[in-house]
Amino acid sequence: MDSCNCIEPQWPPDDLLMKYQYISDFFIALAYFSIPLELIYFVKKSAVFPYRWVLVQFGAFIVLCGATHLINLWTFTMHSRTVAMVMATAKVFTAAVSCITALMLVHIIPDLLSVKTRELFLKNKAAELDREMGLIRTQEETGRHVRMLTHEIRSTLDRHTILKTTLVELGRTLALEECALWMPTRTGLELQLSYTLRQQNPVGYTVPIHLPVINQVFSSSHAVKISPNCPVASIHPSGKYTPGEVVAVRVPLLHLSNFQINDWPELSTKRYALMVLMLPLDSARHWHVHELELVEVVADQVAVALSHAAILEESMRARDLLMEQNVALDLARREAETAVRARNDFLAVMNHEMRTPMHAIIALSSLLQETELTPEQRLMVETILKSSNLLSTLINDVLDLSRLEDGSLQLDLGTFNLCAVFKEVLNLIKPIASVKKLHVSLNLAPDLPEYAVGDEKRLMQTILNVVGNAVKFSKDGSISITAFVAKAELLRDSQTTEFFPVPGDNHFYLRVQVKDSGIGVSPQDIPKLFTKFAQTQSTAIRNSGGGGLGLAICKRFVNLMEGHIWIESEGLGKGCTAIFMVKLGIPERLNESELAFMPKVPPNHGPTAFPGLKVLVMDENGVSRKVTKGLLVHLGCDVTMVSSSEECLRVVSNEHKVVFMDACAPGMDGYEIAVCIHEKFTKRHERPIIVALTGNTDKVTKENCMRVGMDGVILKPVSLDKMRSVLSDLLEHRVLFEAI
């Protein structure tokens, strides 16, 4: 102890105290040395630790502290200067490392605190995610309930079932004490209790629709909490029931049609129903947000389902109405078809039956005209013949008008000589005009095509009607007929506002003007001229005769030929001009063989008699048979008469040149007879010319005659001049089909 350079203790040494310090330093050193080992083990086992260098530094500090305490064990006894130096060095290093460690902790502690902050943030995020997951699960559950409710609601399209199902499913899903639906009444001024969850037959309370609580709900698109004591929540009798929390939501009545309570009328403006939902009073439940959302979604789904139901009801009602209308239309159509068939059958019978006596009257009158008569007798015969021709024309007009109205009349298109049509009209009208001392002139433009494509008969009938009217209503003066191709500037006349011509390369528009110096027409009477069976108020016109059909039929013929007709007149006594335009086709280039079959202008004279010509006449009607024979005998023919088809087949021979037969003969009809004659005479030059003499004007008759190989069709009545022309054409061409 004497060699120790240590500072002498301030107090005398105590051996026991020294022993305690010695033992304490030993254990302190042992503890200091074990802590780094534990830190090394921790760092090794830790996968991620951001402060490894701090731990190394902290470990060094602990080791140095332990070394200091360990070295201090040798200072309790006599020790050398070396121990003292080691002890001093250890304390110096321990002090340095301690300071550095303290400074590093000042730097590290904020980082550690931030880590703690992040840990708290993550914990908060985790809690928020847990809440969101709970909300998602709640929304999924709500969505499942909505889908279930929607499926139940839309499983039917009956409005009462929809509303009742809605209340039941909402009550079951949300465990409601009560659920009710208030509907607007017929006047729209009150709400009526219409459906409830617990009551089978609601009493039908009504509340004013303008209550503040109702206006509050109707003005919001969300479910609204209302007081349990308000009128719309007082569903049960007072004193027996008090609900818990109550919410109400509006239900739009979208496109509501015939959705009636107490026979309310159709709603044209947007209205609302009111749905009230109540929780049980004795429960601690409150309305949650997801439950209110479910109620709002269900209310919208109910509105959509009600609109679908209303649309279905409307469509079913429209379908029933349409079916009734279709039945009525079908009945009307059948009645109209029956009436048309009856009219056509009647006209066909009347046509045939009227033409037969007309044939006798006209034929006998024309024969009587050929005899020696006094002037008075000739005037009578001419009057009879004129009246008969007028009646025949009227019959033709009625039949044509009937076929025009029912659409059965179609144009018979073909290539014809256009110039010849006008010349034939002139030849037909001149004898009548000469009696009244009227001068008739025909002016054909140089550029008028010689041939055209169209219905020759209907065009000629139209021209004859128009020119005939001019002759009929003119006492003196002149009549001019002008025909030319309408130029582009004339197609849109001021009188043709309803006419829309379409120019083209393969057709042209023929314009015909017939001007007379007759009695004229007042402007207000012009529209009546084209109305059937209507005549103007002019006395002169009424006294001129006619059935009021000529111009009406002309108008329909012109319309059928895609044209237009009108009348121009400056007034009574100033004459008038009838103008019409029709569409005609331009034929392709014709060769000589085709031109040979084009109709020529009929000659003004022909054979006046046919002496020795053997003719066979078959007609079931005795009068018609004798009249036809009279015409033929007057023309010099050798006539054989038969009354039945069997007799006709037995009598006919190759000596007969012409056979006139009724197409409606008893026994075999005329078509079968024609077939049998063809079989009997196989060689054409031996077979007689077979001609149907009929009163039927339907197109089927002509087609059937052509089908069985007949050589011609002649319509009754037949005058002497017509029979002379028929025989002449038959002997020259061996074929003659009169236009029908």
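A salt bridge is taken here as a side-chain nitrogen of Lys or Arg lying within 4 Å of a carboxyl oxygen of Asp or Glu. The structure is a predicted model, in which local features need pLDDT of at least 70 and side-chain atom pairs count only at pLDDT 80 or more, whereas totals for chains, interfaces and linings use all residues. Residues are numbered from 1 along each chain as its sequence is written, and side-chain values use heavy atoms, with hydrogens and water left out.

By this criterion the structure holds 15 salt bridges. One of them joins the side chains of Glu337 and Arg333, with an N to O distance of 2.9 Å. These two residues lie four positions apart in helix H6 (residues 289–369), and are therefore separated by about one helical turn; helices (H or I, at least four residues) and strands (E, at least two) are DSSP runs, numbered from the N terminus. Glu337, at 34% relative accessibility, is partly exposed, as is Arg333, at 41%; with a 1.4 Å probe and protein chains only, buried denotes under 20% relative accessible area, exposed over 50%, and partly exposed the range in between. Through shared partners, salt bridges join Asp330, Arg333, Arg334 and Glu337 into one network.

A further salt bridge links Lys125 with Glu128, where the closest N and O atoms are 4.0 Å apart. Both residues belong to helix H3 (residues 81–154), where a spacing of three residues separates them by about one helical turn. An α-helix has 3.6 residues a turn, so residues three or four places apart point the same way. Lys125 is partly exposed, at a relative accessible area of 37%, and Glu128 is likewise partly exposed, at 31%. Arg319 also forms a salt bridge with Asp320, the closest N and O atoms being 3.5 Å apart; Arg319 is partly exposed at 46% relative accessibility, and Asp320 is partly exposed at 37%.

Helix H9 (residues 456–472) comprises 17 residues and reaches 24 Å from its first C-alpha to its last, close to the 24 Å expected at 1.5 Å a residue, where the expected span is 1.5 Å times one less than the number of residues. Because 12 of its 17 residues are buried, H9 is largely enclosed by the rest of the structure. Among the buried residues of H9 are Arg458, Leu459, Met460, Ile463, Asn465 and Val471.
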